[in-house]
Amino acid sequence: MKTFEEKWTAWLDGQLSGRELVEFESSLPDLAAAEAEKRNAHKLGAFLKKELGSQALSNEEFFNHQIHERIARENGNPSRTTRSTWWTIPRLVWSGATALALFLICSVAIMRQHETGGQSEYLTQILNSTVDPAANPNATVAIFETKSDNKVTVLWTEGLQTLPADYAAK
Amino acid sequence: MLRPLLIAVVVMLAVSVVSADAAHAVWSGLVIAENVPQPAAIPPELTKFEQTLKDLFGYNQFEVIGQSNKTLKTGEEDWLATSKYFSLHCDARGENEGGYNLNLTLYKEKDALLQTDANLSRSSPLVIKGPQVGSGQLLLVLVVKEDDHGQTHRRHRVEPANPISAGFNRLRKAVHRLFR
């Protein structure tokens with residue numbers, strides 16, 4: 001379906017014919033004014049052709065040479081130009097931003113998945129502990145965590161046999 | 001539209017794999033704590049919780065008489081920290097979300113004095129009060145440290161990990177497991 005502008009241009013150029021021409025002309029509100037405008041357009045066209053068409057290039061050979069060189073350059077190495085378009089700065093920026101977004105999404109997802117463990121997973125846990133009963137029959141053990149920021153887990157033994165100072169040797 | 005996404009995924013995986021190179025090391029130390037008139041400087045591995053140790057045990061000097069710095073790759077290694085008379089045998093029995101599952105045995109020469117199973121967290125050190133030795137006290141200390149390319153450094157992670165870095169560590173580990 002042609003627009004009015006397309007039909008108008010075609011009518012000015014005399015390219016409408018038959019039923020299309022009749023329909024278009026009947027749709028014009030003022031055919032006489034349109035005909036006058038058509039004549040003016042033709043006159044203007046003829047005038048422009050006459051005035052501008054004959055202007056010659058002053059450096060014709062140089063211009064041609066430039067064009068030929070450009071065509072040869074572009075035809076000679078098509079793969080290189082295609083490849084180089086891939087690593088443009090906007091694409092790199094987009095890739096970086098997408099990677100960052102993916103990283104953040106994964107981090108958040110994994111963090112949420114393990115949140116049920118709470119703080120205990122950050123602390124050392126003593127699962128069981130035994131002291132040689134033969135050498136230390138009265139030994140006892142206790143386990144606790146310090147309240148300081150370091151969260152040191154302590155296995156506190158009492159009643160172990162005292163040893164002479166020599167045992168502190170390196 | 002799909003290619004930028006693909007590139008992004010590759011970049012993310014590459015970054016994760018590179019950061020996964022930072023393995024963990026467990027520092028295990030046999031420490032003699034005692035009160036002396038002029039205490040020596042505390043070993044660097046203990047500086048982060050120096051005050052906690054002083055408050056807990058009431059000593060002013062902590063001297064390392066034996067130590068081991070073991071980089072854990074599979075989480076199933078075993079190692080010894082030894083002094084002249086004591087040795088601490090650490091047997092790692094796997095890694096889990098909370099840290100490393102360790103079986104620890106303290107030997108006095110050939111006698112096993114103490115045995116314990118612990119889940120050693122990456123962010124919380126373990127201190128075991130051993131026997132009294134002379135006027136001092138034997139302590140066993142285990143700390144998990146970050147270890148880049150098998151070389152240890154003095155960075156400790158004794159504070160509770162913040163959620164972002166904990167999340168990052170989990171992601172890093174998950175990706176690392178994929179490439180094992």
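**The interface between chain A and chain B**

Across the interface of chain A and chain B, 18 residue pairs, both at pLDDT 80 or more, are found in polar contact (a pair of N or O atoms within 3.5 Å, where within protein one must be able to donate a hydrogen and the other to accept it, and residues adjacent in sequence count only if both atoms are side-chain atoms). The model is predicted, so local features need pLDDT of at least 70 and side-chain atom pairs pLDDT 80 or more, while totals for chains, interfaces and linings use all residues. Residues are numbered from 1 along each chain as its sequence is written, chains are lettered from A in the order in which they are written, and side-chain values use heavy atoms, with hydrogens and water left out.

On the side of chain A that touches chain B, α6 (89-113), β1 (125-131) and β3 (153-158) each supply at least two residues (helices, H or I, of at least four residues and strands, E, of at least two are DSSP runs, numbered from the N terminus). The largest share, nine residues, comes from α6(A).

Turning to the whole contact (heavy atoms within 4.5 Å), 50 residues come from chain A and 59 residues from chain B. Two salt bridges cross the interface (a side-chain nitrogen of Lys or Arg within 4 Å of a carboxyl oxygen of Asp or Glu). K129(B) and E158(A) form a salt bridge through their side chains, at 3.3 Å from N to O.

F86(B) is also in contact with residues of chain A, namely L163(A) and Y167(A), and its partners in chain B include L30(B), I65(B) and L138(B), leaving aside neighbours within four places in sequence.
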